[in-house]
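Reader: I would like to learn how to read a few features of a model like this one. Could you take me through them one by one?

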Amino acid sequence: MSATGTQSRRAEQSAAAVAGIEFLQGIREGIEGGLDPMAAAEGAATALPRSLRESIARMARRLRGDYHEDEWGFDEEFAEAAYPFFEFLYDRWWRVQAVGVERIPAHGRAMLVANHAGALFPFDASMITSAIMKQHPLPRWPRFMVLDWAFSLPFLAPFMRKVGGVPADPYNATRILNSDGLMMVFPEGVKGTGKPFSERYRLQRFGRGGFVEIALRTRSPIVPIAVVGSEEIYPMVGDAGAVARAIGAPFVPLTPTFPWLGPLGLIPLPSRWRIHFCEPIDISAYPAEAAEDRRVVFEISEIVRETIQQALYENLVQRGSAFG
Amino acid sequence: MTSASGRRIAIAGIATHWGTELARRLARDPRVERIFGLDTIEPDADLERTEFIEVDIRSPVLSRLLPSTEVDTVVHCGIIWYPAPGRPARALHDINVIGSLQLLTACERTETVERVICRGSAAIYGCEPAAPSFFTEEMARSFPLRTRFQRDIGELEAYFENFARRHPELTCCMLRFQPELGADLQSPLAKYLSLPVVPTQLGYDPRLQWIDADDATEALVVATLDPIRGAVNVAPDGSISLTRALRLAGRGELPVPHPVFGPALSRLGGRLGVGSLYGDAVRLLRYGRGVDNRRLREELGFSPRLDAVEVVREFARRSSGLSVAPIPTLGSALSRLVGEPR
């Protein structure tokens, strides 16, 4: 931190303190002048700095319910407020390098398909979102599928919904694509997040190819995405199966730090990340009815899987050591 | 058969809010010739054109009475969502399932009947954490039926579908209503929103759809006069989170841990006008539910006037003078502080 930076911050702090003292003095004078406390506070508030008045007004507007939520419960203001935290993870913690973000169509629907990892909390969706919001020439908020079980958790479920998560259900994906949105899916699902550390970057089975059926029916291009780095944040060395069964979770990961260090074990390791957006796969040559054809579905699914697997290997080499 | 002289309509459950409202609106329609209202008690309101027939829909007498009315349309408004104060939830099963079965039997005996419309509930979809965000009509029963009311609705719909299959000459329409909201409506969920401080479940913020009471009645009128076959969801466009709804209504929120939410709400039961709060309300206020209304708009041809957010705004605007004054909230205090219009 430079000397001037420290000085300017000190100056800001003392300005805020002066404003606070003036505000309280203003209230006291108002009450002594015979006003009720609220009216006195109103009078004193006129002396507050403009930026502070604006943030109070914004907070008041939210508390009155005067803000926008879309039909999925996505709350853009909330997502923007949570964004600095993800930006910190993106820039400082994982030093993410994103390649080819501009390959995501600037307009219209697209299905984003990525590998899934991060045993305790998969951060890949939030980092892909951050990459789009930071580096795409025309940024827009994508929606991502969230494992159904996670949507039954208190606090986490409303949070994920407000930042763009939707329960993993084919109808939801279809509806979002039909309204020309960006739909992020993780066909590996739980098999991806719950795989042991030794299996990292080996793509699991891509389910039954349901995502391809949806892409065919909604005529959406598929953008394969390879995320390197996410698979080292929580090295899963074991699975507490009995606990998982007791709480209904798909798995309970054991990492070198979790649960041994308690809440500290939730801190992800600061691996270096690389997110590679591959060339979109155009499936408009197929008719929508091809969704009924198992052979076509598996073929496209395999192409997407191969593309991501190949990109994973290439980017692993380009990234180099995970914690260097 | 009946087209020359106008429609003859029987409304089962005329004394319920929906039956009464439906009869009131149908009475203004020139296409309607006669309206018969069936119930055990006479409706509170004065319905001039409605001929009241005192009958319990659970009794077999209905099968002898209904044919004599020579109606072409039967509307079932007698399904009860909430047990009355002092009555057990178990009593609902008799009215909702056995009663509906008797009514369908009576329809079978009435040769003039061409259309049967049932005012059902979207509760058949349940309230699930990982459900599709918008249920379409064919997605009923994709989750296990968990509560008593849900199972009753499930059973009733099974009878209704079976009836429709055996009588392809009849147009049978099942309307699945989301909960209603209106300033004059005395429903438990409307009263819940009118509490000065509203208990919610800590850590949960359900997505909800309330349909405006006026839109709900209008949808029922449209379906009565011109029904389509099968199930139709009756819901507004969009959805709203409970937190935002409470903020718009200017109510304080009191999050309580979810295991004590049910008991806390039941203690308020008297105030909400229900005997015992059944699991449906608790689950709805934990996980929420959204349904798709495309079929309502495009096939039945009725578009709700208010969307999910406007319904709550309208409710807040119209009920602010009627109920307990809301306690001053932090939001209103802050906006006053910086001199913003509220």
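Reader: Let us start with F74(A): is it buried, exposed or partly exposed?

Author: The general idea is to count neighbours: a residue is buried if 20 or more other C-beta atoms lie within 10 Å of its own, and exposed if 12 or fewer do. F74(A) has 19 other C-beta atoms within 10 Å, so it is partly exposed. Do keep in mind that this is a predicted model.

Reader: Where in chain A does F74(A) sit, and what does it touch?

Author: F74(A) lies in the loop that links α3 (50-63) and α4 (76-93) of chain A. Setting aside residues up to four places away in sequence, F74(A) touches E69(A), K162(A) and G164(A). There is also a pairing across the sequence to look at: F74(A) and R161(A) are 87 residues apart along the chain, and their C-alpha atoms are 5.8 Å apart in space.

Reader: How is chain A divided into domains?

Author: Chain A has domain 1 (3-63) and domain 2 (76-319). Between the C-alpha centres of these two domains of chain A the distance is 44 Å.

Reader: How do I read a helix in terms of burial?

Author: Start with the repeat: an α-helix has 3.6 residues a turn, so residues three or four places apart point the same way. Then count the buried positions. In helix α1 (residues 17-27) of chain B, eight of the eleven residues are buried, so the helix is largely enclosed by the rest of the structure. Those buried residues are H17(B), W18(B), G19(B), T20(B), E21(B), L22(B), A23(B) and L26(B). Their packing partners in chain B are β1 (7-12), β2 (32-39), β3 (50-54), β4 (73-76), β5 (115-121) and α6 (213-225).

Reader: And what does chain B look like overall?

Author: Chain B holds 13 helices and 13 strands. Its radius of gyration is 20 Å, which agrees with the value near 20 Å for a compact globule of 342 residues. Along the principal axes, the C-alpha atoms of chain B fill a box of roughly 70 × 40 × 40 Å. Of the 342 residues in chain B, 48% are buried.

Reader: Which residues have the most contacts inside the largest nonpolar core?

Author: That core has 90 residues, and those with the most contacts inside it are A10(B), I11(B), A12(B), L175(B), V234(B), A245(B) and V312(B). Beyond neighbours within four places in sequence, V312(B) is in contact with W210(B), I240(B), A245(B), L248(B) and A249(B). A second, separate core has 60 residues, among them L89(A), L112(A), V146(A) and A226(A).

Reader: Finally, how many residues make up the contact between the chains?

Author: In this model, 29 residues of chain B are in contact with 29 residues of chain A. On the chain B side, the elements that give two or more residues are β12 (240-241), α7 (242-248) and α13 (330-337). Of these, α13(B) gives the most, with seven residues. The chain B side divides into 13 nonpolar, ten polar and six charged residues.

Notes. Residues numbered from 1 in each chain as written. Chains lettered and ligands numbered in written order. Predicted model: local features only at pLDDT ≥ 70, side-chain atom pairs only at ≥ 80, totals over all residues. Contact = placed C-beta atoms within 7 Å. Helix = DSSP H or I, 4+ residues; strand = E, 2+ residues; numbered from the N terminus. Nonpolar A, V, L, I, M, F, W, Y, C, P; charged D, E, K, R; others polar. Rg over C-alpha atoms; globule rule 2.2 N^0.38 Å. Domains from an automatic or database assignment. Core = buried A, V, L, I, M, F, W, Y, C linked by C-beta atoms within 7 Å.
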